[in-house]
Amino acid sequence: MRISTQTLFQQSVNSLNRQQGAFMEIAQQIASGKRVSKPSDDPQAASRAVGVDQAKAVTQQYMDARVSARNALAQSESVLNSASDGITRAKTLLLQASSDVLSDVDRNSVASELKGLYESLLGQANSTDGNGRYLFGGYRDDAPPFAKDAGGAVQYEGDSRNREQQIDAARKMPVTDTGADIFQSVHASAGLLAKADGGNAGNVTYGSPLTTDLADPAYGQQHRIVFSDDGAGGFDYEIFDAGGASVQAGAYSEGMRLEVAGMAMELEGTPAAGDELTLGRATEMEPDLFRTLENTIAVLESPADTPAEKAARRNTLNTGLRELDNAQDNILTVRASVGARLNELDVVDSVAGNRMINYEQTLSDLVDLDYVEAAADYSLRRVGLMAAQKAFVDIQGASLFDQL
């Protein structure tokens, strides 16, 4: 078979093009640092790299979500710290106001400072984050969670659910706490609390409630103590449980120790017919920080001239102090929970950081270039290209006239 000059020329051109293409490919890999720059370079590695890239993107999204969650929790922690400081100051003021040496003018001054603390706490309860969303309104974060009603009392108008955010594939974290859980609640371990009806006409006062029997089935349940005239110049008492059933009755005597359902308290003073006291665990007494401050401010602003008014003031201040203690304990508990969530975010960030390093290593193994191997291949391709060029020049210059 005769091979034509045209065939030899075309084969030389094709070889030259192949060698030049291979040389340019390795040169491009060295310039980019990537072994796989398009799927055809290594289909299997390219496919796996796409999956790793997607996993990296998802991990990055969760990292961004954790930044947002951390900001919200840090702002909440700062507000709770300020609220705790405000309650500490309110407790100091109530202790001062409880002194019998203070005049009504002095107590009015204390009430004025309490009003400032009250408004400050209300402002903190209606705090917003950097995006204008209210921190403690739950999922209803577009309006202030606390507002005053027509009577001037603060009411919670937010949502009852904590706002949550997905911070990792298997973790959805509450990034805020509702205002009701913070300012209108007490810790589950809060102790006993006693309250006097605001309309009491007598001057009965009570000491701090005590626990006598935790095992009592009705321990901690709200019990109502009602006083009545015994018809002989004295008074009787009757105790009703949370369901309204009478559980105990007897004659009242000043200085008596009243015990019911594993709870006890000492009573002083003389009641009036129809006067009422309430005894139970703080969790059963509708806790509300703002109502506590409203009651104490009101009693400090009102002159106390009669024994009944003085008894009402003493009872209100004593109860207010215990309620402020419970409110502060609750806020500190919530703050501890916020701190625990911030610590969890740090742990999740650390795990995610290690995960990102593993992703980067996997991607590098799949698509990055081995420069040592590439340099050797580059030299080999260069030699091949030079050989193809020399062969092409030699074939192009070949002629039978050279043999004449």
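Predicted model: local features only at pLDDT ≥ 70, side-chain atom pairs only at ≥ 80, totals over all residues.
**Aromatic pairs**

A search of the whole structure identifies 7 aromatic pairs. A pair of this kind is described by the distance of the ring centres and the angle of the planes. Two of the pairs are set out below.

| Pair | Centre to centre | Angle between planes | Geometry |
|---|---|---|---|
| Phe 146 and Tyr 156 | 5.1 Å | 55 degrees | tilted |
| Phe 227 and Tyr 252 | 5.4 Å | 80 degrees | edge-to-face |

Phe 146 belongs to strand E1 (residues 146–148) and Tyr 156 to strand E2 (residues 154–156), so their pairing ties together parts that are 10 residues apart in sequence. Both Phe 146 and Tyr 156 are buried.

The pair of Phe 227 and Tyr 252 links distant parts of the chain, 25 residues apart. Phe 227 lies in strand E8 (residues 223–229), whereas Tyr 252 is in the loop between strand E10 (246–251) and strand E11 (257–260). Phe 227 counts as buried because its relative accessibility is 2%. Tyr 252, at 11% relative accessibility, likewise counts as buried.

Phe 146 and Tyr 156 are also members of a cluster linked by ring pairs, together with Tyr 118, Phe 136, Phe 183 and Phe 290.

**Arg 163**

Arg 163 is located in the loop between E2 and strand E3 (164–168). With a relative accessible area of 7%, Arg 163 is buried. Leaving aside residues up to four places away in sequence, Arg 163 touches a set of residues that includes Asp 129, Arg 133, Tyr 134, Leu 135 and Asp 141. Met 173, Pro 174, Val 175 and Thr 176 are also among the residues that Arg 163 touches.

Notes. Residues numbered from 1 in each chain as written. Heavy atoms only, no water. Phe/Tyr/Trp six-rings, centres within 6.5 Å; stacked < 30°, edge-to-face > 60°. Helix = DSSP H or I, 4+ residues; strand = E, 2+ residues; numbered from the N terminus. Buried < 20%, exposed > 50% of the residue type's maximum accessible area, 1.4 Å probe, protein only. Contact = heavy atoms within 4.5 Å.
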